[in-house]
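I opened the file to look up a few items of geometry and wrote down what I found. The entries follow the order in which I looked.

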Amino acid sequence: MDAFVLQILNGLDKGGSYALIALGLTLIFGTLGVVNFAHGALFMLGAFCAVTLKKILTISKQVKDESITFFDAFKEVPYLEIWFGETGAAIIDYAVPLSILLAIPVMLLVGLAMERGLIRFFYKRTHAEQILVTFGLAIVLQEIVKAFFGANPVPMPPPDLLTGSADIGAAIGLGDSVIYPWWRLTYLLFAAVIIAAVFCFLQFTTFGMVVRAGMQDRETVGLLGINIERRFTIVFGIAAVVSGLAGVMYTPIVPPDYHLGMDFLVLSFVVVVVGGMGSLGGAVTAGFLLGILQSFASMNEVKEILPGIDQIIIFLVAVVILLVRPRGLMGRKGVMES
Amino acid sequence: MTNTTNKFKLSRRKLLTSAAAAGAGAAVFSGATPYSFVKGAYAADFRNDPSSQSFIKLGFNVPQTGPYADEGADELRAYQLAVKHLNGEGDGGMLTTMKPSSLKGNGILGKKVEYVTGDTQTKSDAARASAKRMIEKEGVTMFSGGSSSGVAIATQSLAQEMGVIFMCGLTHSNDTTGKDKRRYGFRHFFNAYMSGAALGPVLKEEMGTARRAYHLTADYTWGWTQEESIKNTTEALGWETVNTVKTPVGAGDFSQYITPVLNSGADVLILNHYGKDMINSLTQAVQFGLRDKQVNGKNFEIIVPLFSRLMAQGAGENIKGILGTTNWNWALQDAGSQAFVKSFGQEYGFPPSQAAHTCYVQTLLYANACEMAGTFYPPEVIKALEGFSFDGMGNGPTEYRAADHQCFKDVLVVRGNANPSTQFDLLEIVKEVPRAQVEYDPSIFGGELGPYEV
């Protein structure tokens, strides 16, 4: 039972990141009809918003390290600590959550610039051309990040308060082996909040209603005198923000490097396809489902029977679902079928 | 009109002359003729012979990207420092402490040392392609690098094929000088067997003989051999192995591999990971509360059999109190180590890692072997290195064993320092295990070195 609960938590944790990226991907596809292979790069850019803020907050003064006598060594003391003491140190400690404030405007601007500057010229082109241009854009973005931040992963620890683990077993009456890191639980909660916020926005605001109507029938909405294109551009920006925030909060789990987006891109597309192209609910459901399946496939008991299954389970499930339900779990008729 | 067929017509005289010349040639190369007859003649007959130029070019093939990139960057720094010292610049570093030494600080055999670099990307195919470029396009006479055993074995095999010596950087798999050893490959670094042999008595002393161990292992040659060596050691102590799980290199998120440890009944986690993988897996294991657990009435322990200061730096607080082994540590007090740390520190502002140390030493050892042989001709340089005993390079008396090209020297058992006195004082030396305790019969790992002439 303990192992079962742990794998569920693990799966939800993984599924949270898959669902957030797939949600943005589906938003863009559902509104603009663009297959955006640069979406993983948006996740990576979000992560590097956190890295950038951390670098800004830790701009340091070099102080000679008197304890080293062999050669001249220097310690780096951040100016924030010199000027504000413990308050400065606490600000640095909370660099990752604070990065959300930076990532929202930056990712919105990146999304808008990307859509207006490049993607809109490919609305009426074939999906193959869209894939090629967005994939090329992803490579350009990651090379820019590599040029600025280097190729090595950058460690981004969570705030001290969230470094330990929660004794979930004791809380729900299970064994003491059911423990889970606080930051991963925070990430899961964060993913749930963002997903709920996006759904509420689309469901309960006038803007959301127009967007949903546009997703159903773009021409008719346009004939009603609504500038649907402008709204779709904003949706692109929102999708970029969702992916970017997912990237920011993921940094304490795996130190980000320039390749982070590519690592998630293929998985996210599988999630979108399994969920059903253009279905927001499908993307979220498939994200969590595949995360949990991948987690269970990593159990030693499963791997003893099927060695290596943890590496291929997601693709195996995708094949089966597409054979049984060619439009994915919640796919709509007519999407990518013309 | 000329009759072209007559051009190739053999006269009896020509036939006899050619046959005599061919016979003499065959006799020379079969060894029937005294060696003195051809001594020096080989100089012009090997790949990338630098005799006709004023410089010799070396190739440094290190991981500049990928999970071992930190080690790669430090290796590159060490190579650059070695080149500087070989060319007579700087304070000379270990050139001043190496014994015996034929190095003069005027390059190698009077030729200025130049170098080219490559990125192995911590991938065997990329490393081979990079090494091939160095040999074929850049004309390197020797190449060196690490930090992955998969890469070392792949490039060592290329070295043998192409007849260019490869001085291994950081590679810890038993296979490098075991079943995959090559005549053209040399390893100064210690190996997984030695780690196990050195660590065993300390584990017994500190953790007893009734433990249950769970291994997470990097899924490639180094991980496999380290797991095997450590497992053999701990089982000989009486420990039970609960499970051994392979993890992909560069996995990033190890949570799916760590959670099964929590309720496996194991009370020791052995992380056969290196570089960023080790930093991530150790950090995540600590985040999952493993170090605070009590299992089977004992404190849960984590062991990292292969440690480095760079990894300790990356893992931060998580490394404190964790046992492992290392090839060398900057805090050693012998003259060689101190000379190297001083040079490296003055150049870069921080002490060198074990990866940097082994790469620096390897470059000097190759240069010294060329001076001893009096030539760059690889078979002669190889013979100079085989069985070479030296001191003053930071590990005490050391020998390049001729049978498998493995260096034998003392091994350090270290622990993450709980109370560091300086920002670099991250590893505390628990024990300097003497060479005799980690030596083994070369035949246990099999393999063939292959020929001198290729």
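Entry 1, a helix pair. In this predicted model I looked up how helix 3 (residues 124-138) of chain B sits against helix 4 (residues 149-162) of chain B: the two pack at an angle of about 35°, with their axes 9 Å apart. I noted the crossing of helix 3 of chain B and helix 4 of chain B as right-handed.

Entry 2, a strand in chain B. Is strand 11 (residues 301-306) of chain B buried or exposed? I found six of its six residues buried, so strand 11 of chain B is largely enclosed by the rest of the structure. I then looked up its neighbours. Strand 8 (residues 268-272) of chain B pairs with strand 11 of chain B in the parallel sense, over three bridges. Strand 12 (residues 323-326) of chain B also runs parallel to strand 11 of chain B, and two bridges join them.

How many residues does each chain put into the contact? I read off 33 residues from chain A and 30 residues from chain B. On the side of chain A that touches chain B, helix 1 (2-32), strand 2 (74-78) and strand 4 (179-181) of chain A each supply at least two residues. Helix 1 of chain A gives the most, with six residues. By class, I have 15 nonpolar, twelve polar and six charged residues on that side of chain A.

Entry 4, chain A as a whole. I noted 15 helices and four strands in chain A. Its radius of gyration is 22 Å, close to the 20 Å that the globule rule gives for 338 residues, so chain A is as compact as a globular protein of that length. I also took the extent of the C-alpha trace of chain A along its principal axes, which is about 75 × 50 × 35 Å. Of the 338 residues of chain A, 46% count as buried. Last, I checked contacts in chain A between residues at least 6 apart in sequence: 74% of them join residues at least 24 apart.

How values were computed
Residues numbered from 1 in each chain as written. Chains lettered and ligands numbered in written order. Predicted model: local features only at pLDDT ≥ 70, side-chain atom pairs only at ≥ 80, totals over all residues. Contact = placed C-beta atoms within 7 Å. Nonpolar A, V, L, I, M, F, W, Y, C, P; charged D, E, K, R; others polar. Axes fitted to C-alpha atoms, helices over the stretch in contact; angles between N-to-C directions. Left-handed = near helix turned anticlockwise from the far one by under 90°. Rg over C-alpha atoms; globule rule 2.2 N^0.38 Å. Buried ≥ 20, exposed ≤ 12 C-beta atoms within 10 Å, placed from the backbone. Pairing = 2+ DSSP bridges.
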